[in-house]
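The following note sets out comments on the architecture of the complex and on the contact between its chains.

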Amino acid sequence: MHKLLSDQRDKKMLLLGNEAIARGALEAGLAIGATYPGTPSSEISAALFDISHESDLYFEYSTNEKVALEVAAAAANCGLRSMAIMKHVGLNVAADALMTLAYVGVKGGMVILSADDPFMFSSQNEQDNRYYGKLSGLPILEPSSVDEAKEMIKYAFELSEKLQEPVLFRTTTRINHSSGIVTLGDIPPVKTTGDFVKDPFSYVTVPAVSRNLHVKLLKHWDEAKSISENSPYNLIEGDGPCGIVCNGISYNYVSDAVKDLKCEKKVKILRIGFSNPMPEALVKSFLKGCDKVLVVEEGEPYMEEAVKAFAQEEGSTITIKGKSPSHFSRLYEYSPALVRKVLAEYLNLTYEPPAIPDMSDVPEIPQRPPNLCAGCSHRATFYIAKQASAGMETIIPTDIGCYTLGLLPPMSMADFVICMGSSVTTSCGFSKATNKKVISFIGDSTFFHSGITGLINAVFNNHNFTLFILDNGTTAMTGHQPNPGVDMGLLNQTGFGRIAIEDVVRAVGVKEVTVIEPFKVKKSIEAVKKAFEFEGVSVVISKEMCTLYAKSLKLLKGKRYRVSDKCKNHRDCINQLGCPAFFLNEGKVQINPAQCTGCAVCVQVCPENAILPIKE
Amino acid sequence: MNTTRVILVAVGGQGNLLASSVLGEAALLSQIPVRMSEIHGMAQRGGVVESAMVFGDAKSPVISDGEADVLVGFEPSETLRALRKCNDGSVVITNLEPLPPFTVAIGKGVYPDLNELQSLIRAKTAKLIAIDAVKLAREAGNELSVNMVLLGALIQTGKLPVQAETVKEVIRIKTKQAFVESNIKAFDLGFLAAQRENK
């Protein structure tokens, strides 16, 4: 049984934030969930997908976040409790659905989880998704800890049903990827079949209907505001003269700082957990006792703007600080020491933190950047593309996935990326705007997510570029989740379809389609050269399973290799491939057999044929 | 309750997430409040994995520079890199077997000298316990039990309010059955090695 299905009420478990959120959803009676994987949200979905195989829960990996949100929206409008789970930038993809779903509303509780990533530990931006609450008019909840996240998910479903609107549940990496002790509640029986009651004048959003629905949404917003005013998740601690308004993970930094600075008597804390609509009356009454206020929130000055507006309405002229050069930044994540330092300065308190060691006499420590794995098929494909395009002036749009790491030397095969699917569509623009050869890269999951529409555009508008689709049989970057091209039989799963990328590419009208096996280097280079010569849209599908995935499925079968005496130290293996299984020992190239996966790409690259199989 | 802050730093694949999870479960069994945070993501792609564990009453699951009471490094150059987390009162435990980054393999960096590395750490902290954890792991029967060796050494320092027996109990329940015996042995060898260093 999955550990999150434990029926031991009141049992204490150490859970990852994402596991606590999954458990909270189960305790709330989640019936239908959908997701597109994305760090830092992925473990919620991984847990719920596993659990769906041994419970009444239906959970799917959708092709993208918009699809996931729409699947969940329909379920919620049949009266079921549903959830759509995504990383922050995923909500951009789903935003079209989100905005009008807010007009339509829901019947059963629906929670949309957005996992924000301040500091961009694994994201392309650090946008603050609280503004989606303002933009859509939907309520937002933000937990401050792992155990609170579990309880708050249940509250989110109740709130959604009360308001008949989906609720945005906003986390940040430090909630998703923190662990804490959680007390289990009951998992109720799940209502798995709902019913859809036809009511086109509430559901079919033609202008005449939507004009009424917008009125309804504003009415719901007013109700949400009165609930926010009294929500147990908007809480006040202390009664000192300096007000501190904080949210999410920052609340913990504030609490610890107040304790470290021993300034409990000097401060009054307003922790906002229900952040849209902001509790106006509560904030106004909070401000009354304060002679100044500090707003502590990562990201944008979302609460700060609201607090300042409320103060203005009250005719208050007290100092309210948040984002400013001498207080907090809009950049990156905060830390306990930073919050303590700013708070100490704001209160004119002296505090000597433990001294950070002087590292000036420490020699430079070699960097350890992430790298494509030993035996990664992307490395082989990049090498092939590089050889086949030798001498050409190229522009290389890439996409979101492990292969974005192709930007690093020695490959240096990435020139432009903004979001999922943009490799294909920016290729259209680059090829029209320049006379250079445009070569782009997209992974299999990303192709299904948002590459297909771009490819159709390219065919229709007769663009001129070569797109590599890197089909490694899984969604590798986020931890090997399924995608529509995956062979679910390998995961012992039945009842799934499977879409062949080659069929899709041919069906949308691409005339020049080449399928390569990237571990056959020479043959692939010749095939790719031909694709590059084609005027128009050409597609190269590079098919080879992700090495880590193959290893986990026990499908890795290649022999391991060693560098023999024939090595004349050309170092093409190191300088052109950069496989991390290689190392230099007293100036001589060697292969770490523990890392070698037997892809044999180096064998084909070595000019002396010096790399030989290990006799085992 | 006093707060104790521990940083565990490793290279992806060295098993520090299992080590921190065992330690966290042991704290739970000992009824000690514990919060942890870790940065996942690119770990499997050869990057650094850092977990922070906060025992006691503090609410933050994150440890700022200069504020770790104990630093456990699974790889010597990563221990040195993470030294910014320490202060002059910190205890540092490090494995001595290098796992040179690829940048060194291709000649784009120089791996620090191990003796110099140890004296630098000694000079900047209260105590260094340096052990060849890979050798001890092999002795325990499983080269991959470096994480358990280091856990043993960490518990021996007495810096954490968690007993060795409790940690071993968690190892028995939470680690793969086939490895329990070698994991326990690795834990004990790490404990003894730290004891010798402490004399």
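Predicted model: local features only at pLDDT ≥ 70, side-chain atom pairs only at ≥ 80, totals over all residues.

Which residues in H7(B) meet which residues in H8(B)?

1. *Helices H7 and H8 of chain B.* On the H7(B) side the residues are Ala164(B), Val167(B), Lys168(B), Ile171(B) and Arg172(B), and they meet Val180(B), Asn183(B), Ile184(B), Phe187(B) and Phe191(B) in H8(B). Sorted by class, this contact of H7(B) with H8(B) has 7 nonpolar, 1 polar and 2 charged residues. Helix H7 of chain B covers residues 164-174 and helix H8 of chain B covers residues 180-198; their axes are 9 Å apart, at an angle of about 155°. The two helices H7(B) and H8(B) are therefore roughly antiparallel to each other. Their crossing is right-handed.

2. For the complex, the predictor gives an ipTM of 0.96 and a pTM of 0.97. Chain B has a mean pLDDT of 94, and 97% of its residues reach 70 or more.

3. *The contact between the chains.* Chain A contributes 42 residues to the contact and chain B contributes 49 residues. On the side of chain A that touches chain B, the elements giving two or more residues are strand E1 (12-16), strand E8 (178-183), helix H10 (250-260), helix H13 (336-346) and strand E21 (582-585) of chain A. The residues of that side of chain A divide into 26 nonpolar, 12 polar and 4 charged.

4. *A sheet with strands from both chains.* Strand pairing also links the two chains: E8(A) pairs with strand E2 (residues 34-38) of chain B in the antiparallel sense, over 2 bridges. Within this pairing, Ser178(A) has Ser37(B) in E2(B) as its bridge partner. The two strands belong to an open sheet of 8 strands, ordered E1(A)-E8(A)-E2(B)-E3(B)-E1(B)-E4(B)-E5(B)-E6(B), in which the pairing is mixed. At its edges are E1 of chain A and strand E6 (127-131) of chain B, each of which pairs on one side only. On average, and with direction ignored, neighbouring strands of this sheet are turned by 20° against each other.

5. *Helix H1 of chain A.* Helix H1 (residues 17-27) of chain A lies across E1 and E8 of chain A and runs at about 115° to E1(A). The axis of H1(A) and that of helix H6 (residues 146-163) of chain A come within 8 Å and cross at roughly 25°. That angle makes H1(A) roughly parallel to H6(A). The crossing of H1(A) with H6(A) is right-handed. Residues making this contact include Gly17(A), Ala20(A), Ile21(A) and Arg23(A) of H1(A), and Val146(A), Asp147(A), Ala149(A) and Lys150(A) of H6(A). By class, the contact of H1(A) with H6(A) has 6 nonpolar, 2 polar and 6 charged residues.

6. *The seven-stranded sheet of chain A.* Chain A also holds an open sheet of 7 strands, in the order E3-E2-E4-E5-E7-E6-E12, with mixed pairing. Strand E3 (58-61) and strand E12 (274-276) of chain A stand at the edges with a single partner strand each, so one side of each is left without a neighbour in the sheet. The partner of E3(A) is strand E2 (residues 32-35) of chain A, and the two pair in the parallel sense over 4 bridges. Ala34(A) stands opposite Glu60(A) in E3(A). Across E2, E3, strand E4 (82-87) and strand E5 (110-116) of chain A lies helix H2 (residues 42-52), which runs at about 130° to E3(A).

7. *Helices H4 and H9 of chain A.* The axes of helix H4 (residues 88-104) and helix H9 (residues 207-229) of chain A come within 7 Å and cross at roughly 80°. That makes H4(A) roughly perpendicular to H9(A). Ala102(A), Tyr103(A) and Val104(A) in H4(A) meet Ser210(A), Leu213(A), His214(A) and Leu217(A) in H9(A). The residues of this contact of H4(A) with H9(A) divide into 5 nonpolar, 2 polar and no charged.

Methods
Residues numbered from 1 in each chain as written. Chains lettered and ligands numbered in written order. Pairing = 2+ DSSP bridges. Contact = placed C-beta atoms within 7 Å. Axes fitted to C-alpha atoms, helices over the stretch in contact; angles between N-to-C directions. Parallel < 35°, antiparallel > 145°, perpendicular 65-115°, else oblique. Nonpolar A, V, L, I, M, F, W, Y, C, P; charged D, E, K, R; others polar. pLDDT = per-residue confidence, 0-100. Left-handed = near helix turned anticlockwise from the far one by under 90°.
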